Amino acid sequence: MKENKIIEGVDLFLVIALAAILIISSFINYPPLAALSIVILILLVWRSVNRRKRQELKYFREIEVLNENFDDVTRAAVFSMPFPLVMISPGGKIKWYNSQFSDCFEFGEPMINHQIDEVVDEFLMSKIVDDETQFIEMMIHERCYRFYLNFFKDIGEKKEEIYLLYGVDISKENDIRRRFVNEAYNAMHLQIDNYDEIFDATDEDMRPMVFAEIDRVISEYFHRYEAYIKKFDQDSYVITVTHGELVKIMADKFTVLDEVRDIALGNTLPPTLSIGVNTQGLNPLDLYRGALAAMDIAIGRGGDQVVVKDGELLHYFGGKNNALEKRNKVKARVISHALAQMIRQADQVFIMGHKNPDMDSFGSALGIYEACKMENRKGFIVLNEVVPSIRNIYEKVMDYDKDYEKVFIDSDEAVLKATPKSLVVIVDNHRRASLECADLLDITEHVVLIDHHRRGADYIDSATITYLETYVSSASEMVTELLFYMADDLKIPQVVAEALLAGITVDTKNFYYQTGVRTFEAASILKRQGADSIVVKNLFKDDESTVRSKSEVVSNAKIYRDNIAIGVFDEENEDSILVASVSADELMSILGIDASFVLTRSRGRIHISGRSLGKISVQLILEKIGGGGHLTSAGAQLDSTMEEAVETLKGAIDDFFKEDENESNTD
């Protein structure tokens, strides 16, 4: 390099010198000297250009040699790599592989031109191409490999596209990760749902034996899974278990629920448990708080079940029996006083139920409006649409007092009127997605929730007061009790009493389902307020077209799995949901039918109404497809065609029975 620079310097000096001689010769007018200078100058330029070309040629030859050496090194490195390599086309066809790759599999013949999915069962080529997956992990002969992906374009003379995948054995890493997960501690909270009721209903000399047996069954069950269990109250336990053992308990379907329920040592009531489990937490305190929250969900869904909180996912076990009624009225009295205080502190109150309101939602909303009048506070009922199921009672209320026109407002008006000091009371619903106006929850933090449905995963958890009692027949029964405790001498309009009684009637199926002592006590309170049973009966009369549609659905219904009726009302009008609801009720009168489902069209979606008498949980079935409700009354909505919705429903029913069969086989 130094020599080349010296030569280039000499050439430059000569060019400058010759140029000077050429200039001087022009002044002294000596042509031979000028001609000689020009010739020498041309030779020097030619020599310089020729030298540069030789240097460039030498440089390119060195590069080619380097590339050839590099290709040889790369080729040797690829063939001698200690991990499996495979080249595949975008279509998944194997183009080349090394011996380490073939050693991983027992294919029995050369793999060239075979599809990669034929060689590796878990290998999904479409997933690689569509999702741009960076790597794939798979088990091969008890070894865990992670295959990394590289994409090369325009390879070779044919300009092909090639995927190169190379696998790394991560078995040790996978074992450590699996041990870390399996040995991580999970927390449980366990509570005996009906401790006080069992205590009161058991003879004094048998009580110690009953509760000792409950303790024994619970302790022995969890000790089987090497869990630490500590009883910290007469009806409550805290449990710590590794995740690996929890997986086994989940596979066992928490049969401790059945074992405890089968205890019969003089107790007239079967003991039931609610268990909350949390698998993730930043620290022990966070872990146990999550378990307590999961147990609250289990209790909110009616008890006698387990809720496992796995991050954002919730898994349910049990919950296939009716919630047992509790006779303690202290809670209702405390809630009524707290509600009255919150109403007094609010500048105004907004009351709302769920979309497509029914008699229970409408009646309980009217009842809370009467509570606002008792506390001299302005109240509004958010109602976006008068659907057929409430049209009769709505018209009756309007005929009773035209001032109610100012009470019923739509969502837009409610949002304009609401302030941060307003109170929102939600009745007969606990799911934000089902509210008449969910935006109100973003305006004020003062929320009261009154509901009787089993708690779902998307419940409203920001309420100041949550009064959720799944053993109660209806929200109207709950509101009637609250009104009774709020006033020393209760006086409400007859039409409101009839609306509340209609709400109880519709949810109890005329007082024959989930009807306890307190249900009749609430009905007697309403009767004393002037509620007329004949008037209530007339509120449920349907027009001629609804009756005809109902008859058509019932006559065309199909029987599925011998004891489930599925009907279809394949029309969309303002009465569609009402027709589905009454048709599902009517199908339950068929001998041998334990559950019924009716599908219809509503606002571009498929609406499903489910009914049962308790033997089959329509709630658990419809929860599998995004719905919810009660053991005997539930609903769901699907974005699909009618045919797809029927198949989806059948799949959910099959899954429900499959889980039942698995539990029976486990027993």
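In the predicted model described here, strand 1 (residues 85-88) and strand 2 (residues 94-97) run antiparallel and are joined by three bridges; strands are taken to pair when DSSP finds at least two bridges between them. Within this pairing, Met87 faces Trp96 of strand 2. The two strands make a hairpin with five residues between them, and Gly92 in the turn adopts a positive phi of about 95°.

Residues are numbered from 1 along each chain as its sequence is written, and side-chain values rest on heavy atoms, with hydrogens and water left out. Because the model is predicted, local features need pLDDT of at least 70 and side-chain atom pairs count only at pLDDT 80 or more, while totals for chains, interfaces and linings use all residues.

Turning to the protein as a whole, the secondary structure comprises 24 helices and 23 strands, where helices (H or I, at least four residues) and strands (E, at least two) are DSSP runs numbered from the N terminus. Of the 667 residues, 47% are buried; buried means under 20% relative accessible area, exposed over 50%, and partly exposed in between, with a 1.4 Å probe and protein chains only. Among contacts with a separation of 6 or more, 65% link residues 24 or more positions apart, a contact being heavy atoms within 4.5 Å.

The whole structure holds 14 aromatic pairs. Here rings of Phe, Tyr and Trp (its six-membered ring) pair if their centres lie within 6.5 Å, and planes under 30 degrees apart count as stacked, over 60 as edge-to-face and the rest as tilted. One of the pairs, Tyr369 with Tyr404, is tilted, at 5.8 Å centre to centre and 55° between the planes. Tyr369 belongs to helix 13 (residues 359-374) and Tyr404 to the loop between helix 14 (388-400) and strand 14 (408-409), so this pair ties together parts that lie 35 residues apart in sequence. Both partners are buried: Tyr369 has 14% relative accessibility, and Tyr404 has 3%. These tyrosines also belong to one aromatic cluster with Phe362, Tyr394 and Phe408. Elsewhere, Arg207 is placed over the face of Phe199, 4.1 Å from the ring centre; the criterion is NZ of Lys or CZ of Arg within 6 Å of the ring centre and within 35 degrees of the ring normal.

Helix 9 (residues 243-251) contributes His243, Gly244, Glu245, Leu246, Ile249 and Met250 as buried residues. Just after this helix, Lys253 has a positive phi of about 65°.

Ser596, in strand 20 (residues 595-602), is buried at 0% relative accessible area. A polar atom of the Ser596 side chain lies 2.7 Å from the backbone oxygen of Ala584. Beyond neighbours within four places in sequence, Ser596 is in contact with residues including Ala565, Leu587, Met588 and Arg611.

Gly530 sits in the loop between helix 19 (517-528) and helix 20 (533-539), and is partly exposed at 30% relative accessibility. With neighbours within four places in sequence set aside, Gly530 is in contact with Gln494 and Glu498. The C-alpha atoms of Gly530 and Ile492 are 8.9 Å apart, although 38 residues separate the two along the chain.

Finally, the cysteines: with a disulfide taken as a pair of cysteine sulfur atoms within 2.5 Å, the count is zero. Cys372 is buried at 0% relative accessibility, and Cys437 is buried at 3% relative accessible area.

Terms used:
A polar contact is a pair of N or O atoms within 3.5 Å; within protein, one must be able to donate a hydrogen and the other to accept it, and residues adjacent in sequence count only if both atoms are side-chain atoms.
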